[in-house]
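User: I have a model open and want to go through its contacts. Can we take it one piece at a time?
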Amino acid sequence: MNELWDDLNGKPMHDLNNNQIGVVTKGSLTEGVEMKLNPDRSVEDVKAGKFVVIEGYKNQFFSMITDLSLDATNPDILLYPPQDGDQLLHSVLNGASTYVTVALRPMLMLEAGEEVVDEPRPVKTIPSHFSKVVEAEEEDVSRVFGSEDRDDRFFNMGTPLDMDTPVCLNLNRFVERSNGIFGKTGTGKSFLTRLVLCGMIKKKKAVNLIFDMHNEYGFQAMKEGSSGDSFVKGLKQLFGNQVALFSLDPASSRQRGIQPDHEVHIAYDQIAVEDVVALQDELQLNPTAAESAYLVAAMYKNKWLRQLLSVDGPGIEQFAEELGANKSSLSALHRKLKRIDSFPFMVTKLEGADAVDTMMDYIDRGIHIVLEFGRQTSMLAYLLVANILSRRIHEQYIKKSEKYYASQNPADKPKQLVITIEEAHKFLNPTTAKQTIFGIIAREMRKYYVSLLVVDQRPSGIDEEVLSQLGTKITALLNDEKDIQGVLTGVSNAAGLRSVLASLDSKQQALMFGHAVPMPVVIKTRNYDEDFYRAMGDLTEEEKAEKAEAASAALFGD
Amino acid sequence: MALAKVDTEAFIGEVIESSTSQFVAESRELNGAPPFGAFIKTSGAIPVYGLVFNVCTHSIEPNRRATAYGLTEQELRNEQPQIFELLKTEFEAVTVGYGDDRGPRQVLPPQPPGIHSFVLPCAESEIKALTNNGDYLRCVLSGNRLPVDDLIIASVRHAWAARAFDMPYLVGIGKDLCRLIRDDYDRLSSIMRRISQ
Amino acid sequence: MLDFGVLKKQIDQMAVDAKTMQDDFFARIDLAVSEMDRWEEPWETLVTKIRRSRTSWLVANASGPFTEVCSRPERPAELTVIAADGSQIFPDRHEIANCFLINVGYVVLHYGSGERPVMSSEPSLFYEEEDMYHEWAGKRSPVTREIVGVKRNAMELDKVVALAAEAKEEGRTVVGLTDGTLILWMLEGKPYDFRRETLQMTLSGLEQLRELRVPIAGYISDPGSADVVNGLRVGLCPEQPPDCDRCPWKAAEAQALLNLDDDAQKPEPIPCEPIAGVTDDMLYVRKLKSGERSGVFRSSSKILEDYGPHRICFFYVHTGWEVGRVEIPEWVADDEALLDLVHTTIIDQAEKGRGYPVVLSESHERAVVRGADRDIFFKFLKDSYVKNNVKAENSLKQLKKLAATV
Ligand SMILES: Nc1ncnc2c1ncn2[C@@H]1O[C@H](COP(=O)(O)OP(=O)(O)OP(=O)(O)O)[C@@H](O)[C@H]1O
Ligand SMILES: [Mg+2]
């Protein structure tokens, strides 16, 4: 008897509806749709996050599997489960008396033949009873998510679970808003970010300014792997002189064999009070300390920081008295800002051009900027520098924009700028987000042609308002309930996505949703590898050699 | 006798009692009835398909009973040959369908089989057509005075054998059965166990 | 009301009388047995005496001692036993049409080979003028039950002959059996032409069997015959030769009855009287053990004078259940092999049939026309008449019967 089973195990029994996975049995617009899994399908082959299509009477409902549950019609079966080895009974019960219910969330509804337009129609109805649920086909994916061949606004981000067709991000829509990339540590945020950046660079959708705290975007970055660690190429390697490398710590860059295009120095006078206020959390300053800073600035204008730091130990009480500031908070402010003195990139007086001017120059030329921090990996340095530079570049952008609004001359139109920041919650936590430049940029949308790409492992630490302003979110696995909730802020019917999010693989899987995709989708992130480099226009060593040869041949005409 | 179109060689019995839902046939040979649970059909313009649910052998005459002789079958055949002529084998079938130009249908026939029509075993293709799903089991489940569970077991085994003991088929029938007996789990597991033994 | 007081005395007396009679009877049987033994040695004397005698009863005669007993011979492993039996629906003037029916049941049992037996019946309907009326001795008369019976016997024999011929053709060892006597004693005193016609039918059947060398035997269960005892009675008679018509003792008895004189001397008892009333089976139950047969006797039936080579002889067998009488034609009796075959077949058959030859009971079962069958027969008849628009002619009596039921 048991031989007979060997053939059967694991194989579908009736190959009639080969891609049908179930039929709709229940549903509501608010709760989503339930389907009974076809008995020939093993529940273990159906995964949360899977992209499926419900074939309604008039509409196709592109949906995501959000939950799975085991059910039985007769409680006796659960009291006396079939004996181990009674595969016949097991198979008989499977699908009839014991069955699997799959919760689906229709995400997008298309009438037969209808194409996805930029603003997809929300799902306004549900499929009728017993509508077939089928695995999405390759053309369904491209119909919904577009394809790179069709249009240059689409950028391949990966594939749906168990499928090979690319899921694309609509970059035109992506750059219209600020966006977020989330995931707990080690899940591939940086890889995702690199992907997205490559997309924007390759398709020339925006100019990027990347605050590269961990030195992983410009030049090569580490890739953990089962067979030891290796390195992957950075943006500079892929895009050459379309990318400019700025460094706060040129010594460190050189040590890694990188010649930065520019060194960045910051003069004390360039630090505004807002820049310090933005550090409130990091420096654990209380509100009165910030007030004291304003008092100092009111008195000494842009020399305020130099003035404050020049005062020494006991002199501070007197200084406070002069200003009419709270002594203890001013001394705390003094003590904490004193750390800035130790940053090697701080200079009293700039020699050469102002970094911001250089950056603006590059930006105007459409050249992307990666700012490496080298060994200056302290959060304080990172926050300080990112704030100062961003604030100042933003100011410039405001001017440019206003000029453009006034002249309405297309030549005056500023280039769309995307600023990438890691550890975003440090800039955008609820206490500082109201005041910092990044909070402002996030909230003002793209009025001044600047938007953010926030990368963070603790989205719950980011101000809710900012989170809800993010147009597109790409999130890898998150475990913390608060983080999941944070990411899903502002998403309708978040319940289904919650379980999907929590069940992602810990690497190279992500849930994308929001402005730049017609519907939420789980992807296996595109491999960041040789194939990818080539797609970005990079050549292998041999090809480079070949090309050089061809070039010289052309030159010398042999 | 004119036995047009009937393969008189192949017949195994003759209908001697007939109604819409059941019929009785006398076996051509003593002890030569089709096995319990076998699929049979009657000859005639509208073949009627049935499932053998009872086989009995008894004295031809109501007032003569068989008595014990204490001999083996061969000894009896040699020395008491007449007794085998005094016995007859009859079998009863529950109707599970009839045939029309499209082949077997799982519906009761418009007319019961004619008395004296011949009974033949069903061809494998007919068994398959009659048992392509569990609907035929309804006739068994709703019939009166039938040994329901055992009949299900025996007939499913025949249907299964017609499909070279194909496991997925058995699983499909099991599912239909499960529905028909309204999730009676205990009964289902007992039936399925006995079918596959 | 029964007066049980009076009745009781009468019942008691009856029982006493029955007992006396029984005791007397056992004494008679004892006497018959000892008479038989007495003639063991001088059997030739008895046989000669019997041949010379003129009796009013049938007397067996033998060509050996009356005490002869033969044990059961072995049965051939393969053997075919054939029998036919008939039954009939007699002509009924009250029924719709004048006719009669004979149903011949027949059985062929093959032993030792496992072959299927033949067990069937064959009905024949008689309705034609020549069947329904006969003219014998210049007198035309409608068919009688007796004539139907005679016809039936002939058909039975014919059937046996036909089946025997077939079996013999197939190279089988065959024995034919019929139920009852082979002696057509009731033909005695019948019109000559009827007698001749009937005899001819029977004898031609027997002749064919003789040619086939198929032994035929009639088996009579519970025989009331006393042919052998009558032989012993001849032995008891002091007259030389005995002649019942001139029996002095009987004459004296008759005289005594006429003399109504009470004082008159009681007449001497008739010498053969002490064993009268004893039948042969009573005698042989004492003499035979199970499976054994008696010697072969010749019957003294008058009709047998016309049987030629088919003169009927008989013997008694003890089947284990009873003593039965077996009648066989002379050519069987004279052929030791055929005689042994009949003997062993009868015993074997009776054992198989638990006292009665199974081939006979089965052919009877085939033949029998039961009441229900009879009713169906007449219904068919009537339906057929109606369908064919034949005027039904129920008798007035029958019509009255019908009316009474309304
Ligand atoms: N698209 C991809 N292609 C190839 N490898 C990937 C990809 N995505 C993730 N990985 C693998 O996952 C590992 C971790 O990725 P990554 O460094 O981007 O994680 P992270 O979320 O940025 O972590 P941290 O929070 O520490 O910065 C990589 O070293 C690499 O092995
Ligand atoms: Mg990272």
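User: Which side chains meet C:Arg75 or B:Glu79 in a salt bridge, and at what N to O distance?
Analyst: They meet each other: the side chains of C:Arg75 and B:Glu79 form a salt bridge, with 2.7 Å from N to O. Keep in mind that this is a predicted model.

User: How many salt bridges are there across the interface of chain C and chain B?
Analyst: The rule finds 3 across that interface. It also finds 6 residue pairs in polar contact there, with both residues of a pair at pLDDT 80 or more.

User: Which parts of chain C supply the side that touches chain B?
Analyst: In chain C, β4 (100–111) and α11 (358–367) each supply at least two residues of that side. The largest share, 4 residues, comes from α11(C).

User: And what classes of residue are on that side of chain C?
Analyst: The side of chain C that touches chain B has 9 charged, 5 nonpolar and 4 polar residues.

User: How many residues are in contact there, and what area do they bury?
Analyst: On chain C 18 residues are in contact with 13 residues of chain B. The two chains bury about 1,300 Å² between them, and 41% of it is on carbon and sulfur atoms.

User: Now chain B and chain A. How many residues does each chain bring to the contact?
Analyst: Chain B brings 15 residues and chain A brings 22. The area buried between chain B and chain A is about 1,600 Å², and carbon and sulfur atoms give 75% of that.

User: Which three residues of chain B supply more of that area than any other three?
Analyst: They are B:Met167, B:Lys175 and B:Tyr185, which supply 44% of the area that chain B buries against chain A.

User: What is the salt bridge count between chain B and chain A?
Analyst: The count is 0. There are polar contacts, though: the rule finds 4 residue pairs across that interface, with both residues at pLDDT 80 or more.

User: Which helices does chain B use for the side that touches chain A?
Analyst: Both α6 (167–180) and α7 (185–196) of chain B supply at least two residues each. With 7 residues, α6(B) gives the most to that side. By class, the side of chain B that touches chain A divides into 10 nonpolar, 3 polar and 2 charged residues.

User: Back to salt bridges. What does the count come to over all chains?
Analyst: By this rule it comes to 64. One of the pairs is B:Arg145 and B:Glu92, whose side chains meet at 2.7 Å, N to O.

User: Why does that pair tie together parts that are apart in sequence?
Analyst: B:Arg145 lies in the loop between α4 (136–142) and α5 (148–161) of chain B, while B:Glu92 lies in strand β5 (residues 87–100) of that chain, so the pair ties together parts 53 residues apart in sequence.

User: Last topic, the ligand. What surrounds ligand 1?
Analyst: There are 17 residues around ligand 1, and the closest are A:Gly186, A:Lys189, A:Ser190, A:Glu224 and A:Arg526. By class, the shell has 9 polar, 6 charged and 2 nonpolar residues. Helix α6 (residues 189–202) of chain A gives the largest share of the shell, 3 residues.

User: Which atoms of A:Ser190, A:Phe191 and A:Thr187 lie by an oxygen atom of ligand 1?
Analyst: For A:Ser190, a polar side-chain atom lies 2.7 Å from an oxygen atom of the ligand. For A:Thr187, a backbone N or O atom lies 3.3 Å from a ligand oxygen. For A:Phe191, a backbone N or O atom lies 2.9 Å from an oxygen atom of ligand 1.

User: How much of the ligand does the protein bury?
Analyst: Taken alone, ligand 1 exposes 630 Å², and the protein buries 88% of that.

Note on methods. Residues are numbered from 1 along each chain as its sequence is written. Chains are lettered from A and ligands numbered from 1 in the order in which they are written. This is a predicted model: local features need pLDDT of at least 70, side-chain atom pairs count only at pLDDT 80 or more; totals for chains, interfaces and linings use all residues. Side-chain values use heavy atoms; hydrogens and water are left out. A residue is near a molecule or strand if one of its heavy atoms lies within 4 Å of it. A polar contact is a pair of N or O atoms within 3.5 Å; within protein, one must be able to donate a hydrogen and the other to accept it, and residues adjacent in sequence count only if both atoms are side-chain atoms. Accessible areas come from the Shrake-Rupley method with a 1.4 Å probe; for residues, only the protein chains shown count as cover. Ala, Val, Leu, Ile, Met, Phe, Trp, Tyr, Cys and Pro count as nonpolar, Asp, Glu, Lys and Arg as charged, and the others, Gly among them, as polar. Contact means heavy atoms within 4.5 Å. Buried area is the accessible area (1.4 Å probe) that two parts lose on being put together, summed over both. A salt bridge is a side-chain nitrogen of Lys or Arg within 4 Å of a carboxyl oxygen of Asp or Glu.
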